[in-house]
Amino acid sequence: MESKDSHVIEHMEELRSRIIKTLIGFVAFFILSFIFVQDIYELLIKDLEGKLAVLGPSEILWVYMIIAAVCAIAATIPLAAFQVWRFVAPALKPEERKVTFRFIPGLFILFIIGISFGYFVLFPIVLGFLTSLSAGQFEMMFTAEKYFRFMINLILPFGILFEMPLVVMFLTRLGILNPTRLKKSRKISYFALVIVSILITPPDLISDILVIVPLLVLFEVSVQLSNIVYRKRLLREQAAFPVT
């Protein structure tokens, strides 16, 4: 019992160490992003007609901090994935360590693709639709806080959701998930993704479709990738333990 307890304590200490390293990395990336935050801000509003209004000095600070935080999150993803990999690596075989290590760059790439999809595709359509509702009815004026809060709430979930295929592949590789389990949960998953898409988009059919379709496609891609990884895993197990 004492040996088992000490083993658990060692795992908890290692987990705490990995979390602390990830947080330190996030803080470092946040500071670096904050140094260049004005340049990033100018890039984000370059296509916006006019200037954004602010209601006080603290709002400027909030906008800069939220921009720096999103940049820091994106930069921290590879580090966080690496720390997770180092934590589970002792339980993996040498070949599995090499394969799972290759997932780390993909997490960052998919996050950037998701953010880009939300910013370049979805955000202009949704913003254009909402501003068209006020044409001839209201005088439209954006505050920096409202504008960036709306932008982040719309595009950040896509950065996370676009990592679904790679996460599913990783969990399938570890034996936690399999395509059969994913197919059985298809209806529940569809329902959950539809709810997510409705929550992060304005209440109009076009915006909902623009979000729902990519999410459902991502889920089906995840199922197919899980099926491929699962078959390869079975073939390796059969090769390692041939039936006589």
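Which residues in α3 meet which residues in α6? Select both helices to find out. E59, W62, V63, I66, I67 and V70 in α3 meet A144, E145, F148, R149, I152 and L156 in α6.

**Before you click on**

This is a predicted model, in which local features need pLDDT of at least 70 and side-chain atom pairs count only at pLDDT 80 or more, while totals for chains, interfaces and linings use all residues. Residues are numbered from 1 along each chain as its sequence is written, and side-chain values use heavy atoms, with hydrogens and water left out.

**Whole chain**

Show the cartoon. The protein chain has ten helices and zero strands. Helices (H or I, at least four residues) and strands (E, at least two) are DSSP runs, numbered from the N terminus. The C-alpha atoms fill a box of roughly 80 × 40 × 30 Å along the principal axes. Of the 244 residues, 38% are buried; buried means under 20% relative accessible area, exposed over 50%, partly exposed in between (1.4 Å probe, protein chains only). Contact means heavy atoms within 4.5 Å. Among contacts with a separation of 6 or more, 82% join residues 24 or more positions apart.

**Stop 1: α3 and α6**

Return to the opening selection. α3 and α6 pack at an angle of about 20°, with their axes 9 Å apart. That makes α3 roughly parallel to α6. Axes are lines fitted to C-alpha atoms, for helices over the stretch in contact, and angles run from 0 to 180 degrees between N-to-C directions. Angles under 35 degrees count as roughly parallel, over 145 as roughly antiparallel, 65 to 115 as roughly perpendicular and the rest as oblique. The α3 and α6 crossing is left-handed (the near helix is turned anticlockwise from the far one by less than a right angle; clockwise is right-handed).

**Stop 2: α5 and α7**

Now select α5 and α7. Their packing angle is about 160°, with the axes 9 Å apart. α5 and α7 are therefore roughly antiparallel to each other. F103, G106, L107 and L110 of α5 make the contact with L166, V167, M169 and F170 of α7. α5 passes α7 in a left-handed crossing.

**Stop 3: ring pairs**

Show the aromatic side chains. Rings of Phe, Tyr and Trp (its six-membered ring) pair if their centres lie within 6.5 Å; planes under 30 degrees apart count as stacked, over 60 as edge-to-face and the rest as tilted. By this rule there are 18 aromatic pairs. Pick Y41 and Y64: the pair is edge-to-face, 5.9 Å centre to centre, with 75° between the planes. Y41 lies in helix α2 (residues 37-44) and Y64 in helix α3 (residues 57-88), so the pair ties together parts 23 residues apart in sequence. Y41 and Y64 are buried.

Next, pick F123 and Y147. This pair is edge-to-face too, at 5.8 Å centre to centre and 80° between the planes. F123 sits in helix α5 (residues 103-133) and Y147 in helix α6 (residues 144-161), 24 residues apart. F123 counts as buried at 5% relative accessibility. Y147 is buried, with a relative accessible area of 5%.

Ring pairs link Y41, Y64, Y119, F120, F123, F142, Y147, F148 and F150 into a cluster.

**Stop 4: the core**

A nonpolar core is a set of buried Ala, Val, Leu, Ile, Met, Phe, Trp, Tyr and Cys residues joined through side-chain atoms within 4.5 Å. The largest has 52 residues, of which Y41, L52, F123, Y147, F148 and F158 touch the most other members. α5 gives the most to this core, with eleven residues.

Finish on L52. Leaving aside neighbours within four places in sequence, L52 is in contact with Y41, I45, F142, T143, A144, Y147 and F148.
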